[in-house]
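Hi,

Here is the structure I promised to pass on. Have a look at it first, and my notes follow below.

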Amino acid sequence: MEMQLAAVLASLALGGALIVLLFGKWWQPLADGDKRVKELDDAVEALLQLRADLLKQLEGAPEPDQPRAWLRRVQDAQDEVASIKARHDAGQLYVVRLLQYFLTTGPVAGLAEKQLKIVRAIQEQGAALLDAALATPQAPPPLLLQPEDLELPPGTGSTRAHLNGALRFLGDCDAALGVWGAGGVGKTTLLKQVRDVCGRVAPFFDHVFLVAASRDCTVADLQSEVVAVLGLREAPTEQAQAAGILSFLRDKNFMLLLDGVWERPDLERVGIPQPFGVVAGRVRKVVVASRSEAVCAYMGCRNKIKMECMDEDNAWSLFEANVGEEAIRGNTQISTLARQVAEECKGLPLFLATIGRAMSNKRTPEWVNALDKLKKSQLMSTTPGSEKSTQALVKFCLDNLESDTVRECLLTCALWPEDHNISRDELVQCWIGLGLLPNHDDVDEALRFGHTVVSVLESSRLLEQGDNHRYNMSPSDTHVRLHDVVRDAALQLAPGKWLVRAGVGLREPPRDEALWRDAQRVSLMHNVIDEAPAKAGGALSDAHPASLMLQCNHALPRKMFQAIQHFTTLTYLDLEDTGILDTFPMEICCLVNLEFLNLSKNRILALPMELSNLSQLKYLHLRDNYYIQITIPPGLISRLGKLQVLELFTASIVSVADDYIAPVIDDLETSGARMPSLGIWLDNTRDVQRLARLAPGVRTRSIQLRKLDGARSLELLSAEHTAELGGVQEGLKELVVYSADIEEIVADAHAPRLEVVKFGFLTRLRVMEWSHGAASNLREVALGACHSLTHMTWVQHLPCLELLNLSGCNGVTRLIGGVADGGSPAGELLTFPRLRLLALLGLPKLEAIRSDGGECSFPELRRLQVRGCSRLRCIPMRPVASGQGKVRVEGDKHWWNGLQWASDDVKSCFVPVLL
């Protein structure tokens, strides 16, 4: 019996040992799970207490973006922890938990440990936010100049009090300032004034940038604006772009001027560092302009400026300045009428300026008539700045424009997105394509007329100068902008029915059939349309527009073309930059009434013969195609008998074929067709001679030359070859030469219209000489991979030069040489009167801007790009004149820190953007 008992005990001991041996290693993770879940539970309790403390501190104050985002992360973490705990509690039995351990992909212990790291990271962020909320607000550095002592140009007196208030904000503890008031009272003007004079009052800001947050703008829209204004690189995704913006601004003093805000934007998603205020010694401020006081308050603006209509004296001063003192004071009757007309403008600066300018050349009867019209519009019964009031004033301004042509041209500006900076060239091209301008046999004449219309609209104050981010110019003479008040009224006053949903973030065309029905002009440009109607047609099936603008929808779906192929009433179709890949959309060939077709900036390999169905086509634009060549079938061009503009020009170097262009020239020769504007690619001088013989019936405006059969000199710009090439030289506006064996360029031919030249991969080019006659109108010069060149002295003789870009020219040692190179004597000031952008990229031997070390003057320079120029140690720039904007210089930190400066005044001319 004792022996049996001993055996049983031994068996139990052995079994226990086996159990410990076999299952001990499995029990440990389960025990760890209990521990981890307990730690996680404690951490969440601490996190929730931290949340309560932060909410208490923020009680009664608008909730800034960063705390709001942090609170969302706390809630997400709490939900995840509850899920882990529920899973843990459901498996208290050992066997159940053991099965969970083996059969699930995420054991509770591992999940709890991972979530614990997340919770602790959120705790750290929350602690920093609480510290910031508890900290005593810090003031930025003192202002260099008191706002009241600042000298301002004439005409700013009416906004001086508001400007002084905004400038005082730069030196106080507040992080955000709100500017609110009705449309047209001058909010945007105030923000631009703050931007322009900030450097004289608060020079501690590294960047002061104005961004339009117009109606329906998206995070991506705001990011694009910020990137463009700051000169940063574009990123492929919203998250990557936000990271790039955040990285750049994180250690900078900056002020964000946010204009036209309708609802609170998510600035954290944009990449703007948070919170605003003085953070770790860095000054971050934001000024918010909105029509709504509530929007300003919601964005954390405790301090707000209300922009109201002008008082009688200031309103009269602005009105009188736009009419002209002589026109008013020289006639007592007009003086009396003028004061009455000014009163009808209700103190709104926008209309005091526009109506004043409209009346600047009117006689007494016209003043009487104007006053009657304004009174009959019943403005007295409406609130100043209301939609009814502003629409009536815009209509009055439209009626006083000099012709129906000018009126229609203004209305079409509303087809672009709100607050969009519209290129003057793009706008005039649109007017020509829509048939708004008088017919001109000479395309240059039509373009000149169109630019004259732009100037008329600018002088009338209905169009404003826009910004050119490429040149870092605000404002700029290359772009225009339509005030949002004028745009809203223009869309209401447009003849017929328009469907305009431009720049509002659409992913698909509007589905409401009523919107499409009877719409004459449709603009869906600058969206992200990547979905088409579920079935071909859909809401679009009954649509019959005359014009359709889809440009800058970068991934337009193929089904969209199926949907619009029935728009046979279309005369105008813009598909620029819509992501067309390789194959031409054959549906376009059904649009038999098209007169204008823009397919630029796509990847089209060939045009189909079926395109000849478009017998009414006058303007065919395929500019800046990804591929150099677009194969064109023989006979196509001759069948397009009304074609006036054929733009095949591109600066691309991606080649897929060798001889694609011969059918075009053959067609032009055999048919005798006129072509007032031709842009083309050629690979030999013989074809240039053929085009020259077709002049003036065929006017070649843009040419890319490539290979050139081993030619050693560029005959096209040589006076020696004017006899056989003069027909092209006379009309040429743009010239690109790539991948040729040219050794010298002696440009002495008469080329009065030549504005742009680009030379690339001319590795044997050693000599460049440019006579004044050939260079009188050159605006842009770019050279890349021309390794045998040592200097670019000839550019100093270009009076109209706006852009100079040198990249990858390994032999360049100096930009401008001395007298021996054809340059100016040592010690003589060298002035580039109109240069706006200078890019020096990948020039490893470049040591000096001027070989003699002399001084340069750049009165219009706005942007300087320097990368890969490690030997360049000095920028010999004369300090800028008072009122000139600072130059944005883009380069790497090591190069910038190693620069030698003639004086602190010279260094202060630049705002570095270090990449």
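Let me start with a helix pair: α11 and α14 count as roughly parallel to each other, because their axes cross at roughly 30° and angles under 35 degrees fall in that class. Bear in mind that this is a predicted model.

To find the pair, look at residues 312-323 for α11 and residues 349-358 for α14; their axes come within 7 Å. The crossing is right-handed. On the α11 side, the contact is made by A315, L318, F319, N322 and V323, and α14 brings in P349, L352, A353, I355, G356 and R357. Sorted by class, that contact has 8 nonpolar, 2 polar and 1 charged residues.

Another pair to look at is α18 (residues 424-433) with α19 (residues 443-459), which pack at an angle of about 115° with their axes 9 Å apart. That angle makes α18 roughly perpendicular to α19. Here, too, the crossing is right-handed. From α18, the residues in contact include V428 and W431, and from α19 they include L447, H451 and V454. This contact divides into 9 nonpolar, 3 polar and 3 charged residues.

The largest nonpolar core has 123 residues, and L735, F759, W770 and M792 touch the most other members. If you leave aside neighbours within four places in sequence, W770 is in contact with L717, I745, A747, L754, V757, F759, A775, L778 and W794. Apart from that core lies another one, of 97 residues, with V194, A202, L210 and L348 among them.

Cheers

Conventions
Residues numbered from 1 in each chain as written. Predicted model: local features only at pLDDT ≥ 70, side-chain atom pairs only at ≥ 80, totals over all residues. Heavy atoms only, no water. Axes fitted to C-alpha atoms, helices over the stretch in contact; angles between N-to-C directions. Helix = DSSP H or I, 4+ residues; strand = E, 2+ residues; numbered from the N terminus. Parallel < 35°, antiparallel > 145°, perpendicular 65-115°, else oblique. Left-handed = near helix turned anticlockwise from the far one by under 90°. Contact = heavy atoms within 4.5 Å. Nonpolar A, V, L, I, M, F, W, Y, C, P; charged D, E, K, R; others polar. Core = buried A, V, L, I, M, F, W, Y, C linked by side-chain atoms within 4.5 Å. Buried < 20%, exposed > 50% of the residue type's maximum accessible area, 1.4 Å probe, protein only.
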